[in-house]
Amino acid sequence: QEGKSPILEGQLGYTDVTKSETKEDGSVVVLEATIKVYMGEIEEMHQLIMNDDNPKECLSISEKQIENVHTIKENNLSVFEMAIGTFGHEIGHINNKNAELVKEEDAGKNFGKYGSEFLPQIIENRILNDLAKKKKK
């Protein structure tokens, strides 16, 4: 999607689980979801990463996101490649277990760094690393 997130400034993507069901054992099954990738936000973030000597200092981000910033900058990944990583991250949110974590977080439970962003950040990290390796060939 072109433009910026209407939800949160700086948000690169968003997953909306539009249909799910909760089983008797409390597990969540995702039946339908919509993923949005905000290219305007990605372009701005990419510019910040590429033009700042130490972009990590400007951002309030997790350890995996710091690795991603390093991978993007050191391997000169493009805006499009960054968007592919963001899309993979958002796909991680439609995992049934991730949907359960989101539901519990929405109810006030705190999982620390192992919350609903943990797996999506790992997925994004792997995608960006794979793209960087391909670029070096």
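The crossing of helices α3 and α5 is right-handed, a crossing being right-handed if the near helix is turned clockwise from the far one by less than a right angle and left-handed if anticlockwise. The model is a predicted one, in which local features need pLDDT of at least 70 and side-chain atom pairs count only at pLDDT 80 or more, whereas totals for chains, interfaces and linings use all residues. Residues are numbered from 1 along each chain as its sequence is written, and side-chain values use heavy atoms, with hydrogens and water left out.

The chain holds five helices and two strands, arranged along the sequence in the pattern β-β-α-α-α-α-α; these elements are DSSP runs numbered from the N terminus (helices, H or I, at least four residues; strands, E, at least two). Of the 137 residues in the chain, 36% are buried, where buried means under 20% relative accessible area, exposed over 50%, and partly exposed in between (1.4 Å probe, protein chains only). Among contacts between residues at least 6 apart in sequence, 64% join residues at least 24 apart, contact meaning heavy atoms within 4.5 Å.

Two packed helices are described by the angle between their axes and the distance between the axes. Helices α3 and α5 pack at an angle of about 150°, with their axes 7 Å apart, the axes being lines fitted to C-alpha atoms, for helices over the stretch in contact, and the angles running from 0 to 180 degrees between N-to-C directions. That angle makes α3 roughly antiparallel to α5, given that angles under 35 degrees count as roughly parallel, over 145 as roughly antiparallel, 65 to 115 as roughly perpendicular and the rest as oblique. The contact is formed by Glu81, Met82, Ile84, Gly85, Thr86, Gly88, His89 and Gly92 of α3, together with Pro120, Gln121, Ile123, Glu124, Ile127, Leu128, Leu131 and Lys135 of α5. By class, these residues divide into seven nonpolar, six polar and three charged (Ala, Val, Leu, Ile, Met, Phe, Trp, Tyr, Cys and Pro count as nonpolar, Asp, Glu, Lys and Arg as charged, and the others, Gly among them, as polar).

The axes of α2 (residues 63-74) and α5 (residues 118-136) come within 10 Å and cross at roughly 15°, which makes α2 roughly parallel to α5. This crossing is left-handed, and the contact involves Lys64, Gln65, Glu67, Asn68, Thr71 and Ile72 of α2 and, from α5, residues including Gln121, Ile122, Glu124 and Asn125. Asn125, which lies in helix α5, counts as buried at 8% relative accessibility and, neighbours within four places in sequence aside, is in contact with Lys64, Glu67 and Asn68.

The 19 residues of α5 should span 27 Å at 1.5 Å a residue, in agreement with the 27 Å between its end C-alpha atoms, the expected span being 1.5 Å times one less than the number of residues. The buried residues of α5 pack against α2, α3 (79-92) and α4 (96-106). Those of α3 pack against β1 (13-22), β2 (28-37), α1 (39-51), α2, α4 and α5.

In helix α1 is found His46, which counts as buried at 13% relative accessibility. Leaving aside neighbours within four places in sequence, His46 is in contact with Ile72, Leu77, Ser78, Val79 and Met82; His46 and Leu77 are 31 residues apart in sequence and 8.8 Å apart in space, C-alpha to C-alpha.
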